Amino acid sequence: MERLTERLRLRMWRDDDLDPLAAMDGDPEVMRYIGDGVPRTREQTAEALVRRGLGWQERGFGLFAVEVRETGDFAGWVGLAVPEFLPEVLPAVEIGWRLGRAHWGRGYATEAAREVLAFGFREVGLEEIVSVARVDNEASLRVMAKLGMRPERRTTVPSTGRPVQVTVITREEYVATPGAASSTP
């Protein structure tokens with residue numbers, strides 16, 4: 001499965017994604033808002049890459065690898081997952097993203113996430129999608145606002161004790177959001 005935006009290719013994972021993904025996950029600046037904020041080892045990233053394929057098989061949705069169409073460079077990932085790390089919001093499907101530093105500040109997260117929202121509402125048939133970010137992660141909170149997501153609650157992740165903002169968008173809100181694709185999901 002592949003999805004194209006104006007500047008990006010969202011695609012399934014390949015074995016050669018491990019090196020750039022491990023470099024991204026090993027970057028302390030990229031990982032500072034993720035989980036406990038500790039960069040991941042190459043082995044941890046390799047295990048996560050295997051699990052990403054299983055998510056698609058089990059649920060019919062998952063995380064897409066993101067590459068820049070013009071160059072073919074691996075930029076990061078975007079996709080849908082079940083936020084098991086935050087049991088109080090379950091059952092739910094979360095949209096999330098992570099990009100390497102070289103790809104920050106270009107609007108790629110918003111562009112890719114818009115495509116994934118369309119996928120979630122149109123093809124997966126979801127009625128609601130949440131997103132979760134640390135309360136001090138201003139960049140992700142801005143992306144959520146650009147996507148038309150509204151704050152639902154502030155809470156704390158049980159495993160880390162870190163405060164997070166949960167945002168949400170329903171199918172109905174998505175259809176009414178400026179910038180959402182023009183056809184109805």
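1. Is Arg98 buried or exposed? Arg98 is buried, because its relative accessible area is 8% and the cut-off for buried is under 20%. This value, like the others in this note, comes from a predicted model.

2. The position of Arg98 is in strand β5, which covers residues 94-99. The side chain of Arg98 makes a polar contact with the side chain of Asp25, at 2.9 Å. With neighbours within four places in sequence left aside, Arg98 is in contact with Met24, Asp25, Val30, Met31, Ile34, Arg40, Ala75, Gly76 and Trp77.

3. Salt bridges are the next topic. Side chains of opposite charge can pair when their charged atoms come close. The count for this model comes to 19 salt bridges. Three of them are described below, namely Arg9 with Glu2, Arg171 with Glu127 and Glu173 with Arg150.

4. Arg9 and Glu2 form a salt bridge in which the closest N and O atoms are 3.2 Å apart. Arg9 has a relative accessible area of 21% and is partly exposed. Glu2, at 47% relative accessibility, also counts as partly exposed, since the exposed class begins over 50%.

5. Arg171 and Glu127 meet through their side chains in a salt bridge of 3.3 Å, N to O. Arg171 lies in helix α6 (residues 171-176), while Glu127 lies in the loop between α4 (108-124) and β6 (128-134), so the pair ties together parts that are 44 residues apart in sequence. The two ends fall into separate accessibility classes: Arg171 counts as buried at 18%, and Glu127 counts as exposed at 53%.

6. Glu173 and Arg150 meet in a salt bridge of 2.6 Å, N to O. This pair links distant parts of the chain, with Glu173 in helix α6 and Arg150 in strand β7 (residues 150-156), 23 residues apart. Glu173 counts as partly exposed at 26% relative accessibility. Arg150 is partly exposed as well, with a relative accessible area of 35%. Elsewhere, salt bridges that share partners join Glu2, Arg9, Arg11, Arg14, Asp16, Asp17 and Glu67 into one network.

7. What does Arg150 touch, leaving aside its neighbours within four places in sequence? Arg150 is in contact with Val166, Thr167, Val168, Thr170 and Glu173. The side chains of Arg150 and Glu173 also make a polar contact at 2.6 Å. From C-alpha to C-alpha, Arg150 and Glu173 are 9.6 Å apart in space.

8. Where is Pro83 placed? Pro83 is in the loop between β4 (74-81) and β5. Pro83 is buried, because its relative accessible area is 1% and buried means under 20%. Not counting residues up to four places away in sequence, Pro83 touches Val89, Leu90, Ala92, Val93, Glu94 and Val130. Pro83 and Thr155 are 72 residues apart in sequence, and their C-alpha atoms are 14 Å apart in space.

Notes: Residues are numbered from 1 along each chain as its sequence is written. This is a predicted model: local features need pLDDT of at least 70, side-chain atom pairs count only at pLDDT 80 or more; totals for chains, interfaces and linings use all residues. Side-chain values use heavy atoms; hydrogens and water are left out. A salt bridge is a side-chain nitrogen of Lys or Arg within 4 Å of a carboxyl oxygen of Asp or Glu. Buried means under 20% relative accessible area, exposed over 50%, partly exposed in between (1.4 Å probe, protein chains only). Helices (H or I, at least four residues) and strands (E, at least two) are DSSP runs, numbered from the N terminus. Contact means heavy atoms within 4.5 Å. A polar contact is a pair of N or O atoms within 3.5 Å; within protein, one must be able to donate a hydrogen and the other to accept it, and residues adjacent in sequence count only if both atoms are side-chain atoms.
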